[in-house]
Amino acid sequence: MSGGVDGRLVRVSLAGQIRDYLTLEIAQGRLPPGTPVRELEIAQRLGTSQTPVREAFRELTAAGLLESRTHVGTRVRELAQQDLIDTVPVRAALEGLAGRLAATRIDGKLDEAREAVATMRMLSDGNDRLAFAGASTRFHRAIVIAAGNESLARAWNALGIEIITIIAMASDTYPLSQAADDHQNVLDAVESGDPDTAEHALDSHLRHYVPNDPGETP
């Protein structure tokens, strides 16, 4: 998904859907480290052309999930847990600032976040963690957009939040109903209009966002 600071979010592109599909395959071990991945094979499997697959490969390579070598091709990279853990304090700092800024300008700016929470509640009775991860990403992106700071939004987007969220959700057993409640609590803090409360809520929420930690809440 993508969106400018003042714009509505747009639907995930075909390349984005392929990226999310491959991320889930990697996160759940169906594409283990070292597995070769070929554009043509993925395109045939998913019934699409190679162009969006190529774009998805570029995103996943930039995110460190795939690696491409001359005369070897593209393979699933050995992903160190530390690669993901290292993003947590960076993301927490960015979103904490976003929460602080958004709390001072909430009028009409958080409708997307409210809709995302409603979607998470609807999904919480099932186990579609990919869809839930998408709603979670929408929620956090909406708060970043509501902050109204273009530089902050660019830095946040550079972290590859969709990929991080899918990996965390795919390897987690945290109840989705509780995760939905956690996001509601964050929304309540931002809507309180108190910058300190909002910043603390975002920071605390994301400090639990560590892969393979039983207590994580994406």
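Author: Let's start with H9, where Ile161, Glu162, Ile163, Ile164, Thr165, Ile166, Ile167, Ala168, Met169 and Ala170 are buried. Buried means under 20% relative accessible area, with exposed over 50% and partly exposed in between (1.4 Å probe, protein chains only). Helices (H or I, at least four residues) and strands (E, at least two) are DSSP runs, numbered from the N terminus.

Reader: Before we go on, what kind of model is it, and how are residues numbered?

Author: This is a predicted model, where local features need pLDDT of at least 70 and side-chain atom pairs count only at pLDDT 80 or more, while totals for chains, interfaces and linings use all residues. Residues are numbered from 1 along each chain as its sequence is written, and side-chain values use heavy atoms, with hydrogens and water left out.

Reader: Ok, back to H9. How many of its residues are buried?

Author: 10 of the 10 residues of H9 are buried, so H9 is largely enclosed by the rest of the structure. Take isoleucine 167, which is found in H9: at 8% relative accessibility, isoleucine 167 counts as buried.

Reader: Switching to H1. How many residues of H1 are buried?

Author: 10 of the 14 residues of H1 are buried, so H1 is largely enclosed by the rest of the structure. Those are Ala15, Gly16, Ile18, Arg19, Asp20, Leu22, Thr23, Leu24, Glu25 and Ile26.

Reader: What do they pack against?

Author: The buried residues of H1 pack against H2, helix H3 (50–62), strand S1 (66–69), strand S2 (73–76), H7 and H9.

Reader: There's an aspartate 20 in there. Buried or exposed?

Author: Aspartate 20 counts as buried, at 14% relative accessibility. Leaving aside neighbours within four places in sequence, aspartate 20 is in contact with Leu130, Glu162 and Ile166.

Reader: How does H1 sit against H2?

Author: The axes of H1 (residues 14–27) and H2 (residues 39–46) come within 12 Å and cross at roughly 105°. Axes here are lines fitted to C-alpha atoms, for helices over the stretch in contact, and angles run from 0 to 180 degrees between N-to-C directions. That makes H1 roughly perpendicular to H2; the cut-offs are under 35 degrees for roughly parallel, over 145 for roughly antiparallel, 65 to 115 for roughly perpendicular, and oblique for the rest.

Reader: Which residues meet there?

Author: From H1 you have Ile18, Tyr21, Leu22 and Glu25, and they meet Ile42, Arg45 and Leu46 in H2.

Reader: What about H7 and H8, what's their crossing angle?

Author: Roughly 155°, with the axes coming within 10 Å. H7 and H8 are therefore roughly antiparallel to each other. On the H7 side the contact uses Thr137, His140, Arg141 and Val144, and on the H8 side Leu152, Ala153, Trp156 and Asn157.

Reader: Now leucine 60. What does leucine 60 touch?

Author: Not counting residues up to four places away in sequence, leucine 60 touches Arg19, Leu22, Thr23, Leu65, Leu66 and Ile163. Leucine 60 is found in H3 and is buried, with a relative accessible area of 0%. The C-alpha atoms of leucine 60 and arginine 19 are 6.9 Å apart, though the two are 41 residues apart along the chain.

Technical notes
Contact = heavy atoms within 4.5 Å.
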